[in-house]
Amino acid sequence: TNAVINNDTNPTITDLTVQFTEPGQREEYEFYAANIGEYNAYLTSINIGAKNCSVPSDVPAGNRPSTNLLNKACEDIVVSIKIGNDEEITYEGMANYAVTNHMLAKSTSEKVIVTIKYKDGGDRADGVFAVEFGDITLTYATVDSDGSINNGQGGSTVIPTNYVCKRANVN
């Protein structure tokens, strides 16, 4: 699907839905985050919404997986996120993950890559199924999660809201 980022507050990635048929498949989404605020921005957490696996209504009866195999295959779907030069991190499920030591300097940008993966060697469903992840929110602040401030602004803790993210064309 055409996933999007909304930047009204913290960048939130929505509409992450992928169809899979066999283990080893993956779908990658590429975004760019730009800090156009007046302070350096520190990524303090990544919140990943719930995973939901289902059979799309347009899948013919002969290609629909059984509920048992669908549920097993769903357990083998993970999401990974790579932000800027940080290492890619794979998340097994929904949660709020703390992040430290990641700064997006004012007037700079960085790539955000979100990949939904059907694990190699995972349980195989006997038909086409869709995986949808709930919203993924990147929370930024002008103070790093360890409390340090490195923005040259005398200790301001104002949370900047001027982030611009856009989706790049990716297969």
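**Exercise 1. Classify Glu30 by its relative accessible area in this predicted model: is Glu30 buried or exposed?**

Solution. Step 1: the relative accessible area of Glu30 is 14%. Step 2: buried means under 20%, so Glu30 is buried.

**Exercise 2. Which side chain meets that of Glu30 in a salt bridge, and which strands hold the two residues?**

Solution. Step 1: the partner of Glu30 is Lys111, with an N to O distance of 3.8 Å. Step 2: a salt bridge requires the nitrogen within 4 Å of a carboxyl oxygen, and the pair at 3.8 Å is counted as one. Step 3: Glu30 belongs to strand β4 (residues 26-35), while Lys111 belongs to strand β11 (residues 108-118). The two residues are 81 residues apart in sequence, so their contact ties together separate parts of the chain. Step 4: Lys111 has 32% relative accessibility and counts as partly exposed.

**Exercise 3. Determine how many salt bridges the structure holds, and describe the one formed by Glu88.**

Solution. Step 1: there are 5 salt bridges in the structure. Step 2: the side chain of Glu88 meets that of Lys117 at 3.2 Å, N to O. Step 3: Glu88 is located in the loop between β7 (77-83) and β8 (89-91), and Lys117 in strand β11; the pair, 29 residues apart, links distant parts of the chain. Step 4: Glu88 is partly exposed at 38% relative accessibility, whereas Lys117, at 18%, is buried.

**Exercise 4. Describe the salt bridge between Arg26 and Glu28, and state the accessibility class of each residue.**

Solution. Step 1: the N to O distance between the side chains of Arg26 and Glu28 is 3.1 Å. Step 2: Arg26 has a relative accessible area of 45% and is partly exposed. Step 3: Glu28, at 24% relative accessibility, is likewise partly exposed.

**Exercise 5. Identify the cysteines joined by a disulfide and explain why the disulfide is assigned its handedness.**

Solution. Step 2: the bond joins Cys53 to Cys74, with an S to S distance of 2.1 Å. Step 3: the torsion about the S-S bond is about 80°, and therefore the disulfide is right-handed. Step 5: Cys53 is buried at 14% relative accessible area, and Cys74 is buried at 11%.

Notes:
Residues are numbered from 1 along each chain as its sequence is written. This is a predicted model: local features need pLDDT of at least 70, side-chain atom pairs count only at pLDDT 80 or more; totals for chains, interfaces and linings use all residues. Side-chain values use heavy atoms; hydrogens and water are left out. A disulfide is a pair of cysteine sulfur atoms within 2.5 Å. Buried means under 20% relative accessible area, exposed over 50%, partly exposed in between (1.4 Å probe, protein chains only). Helices (H or I, at least four residues) and strands (E, at least two) are DSSP runs, numbered from the N terminus.
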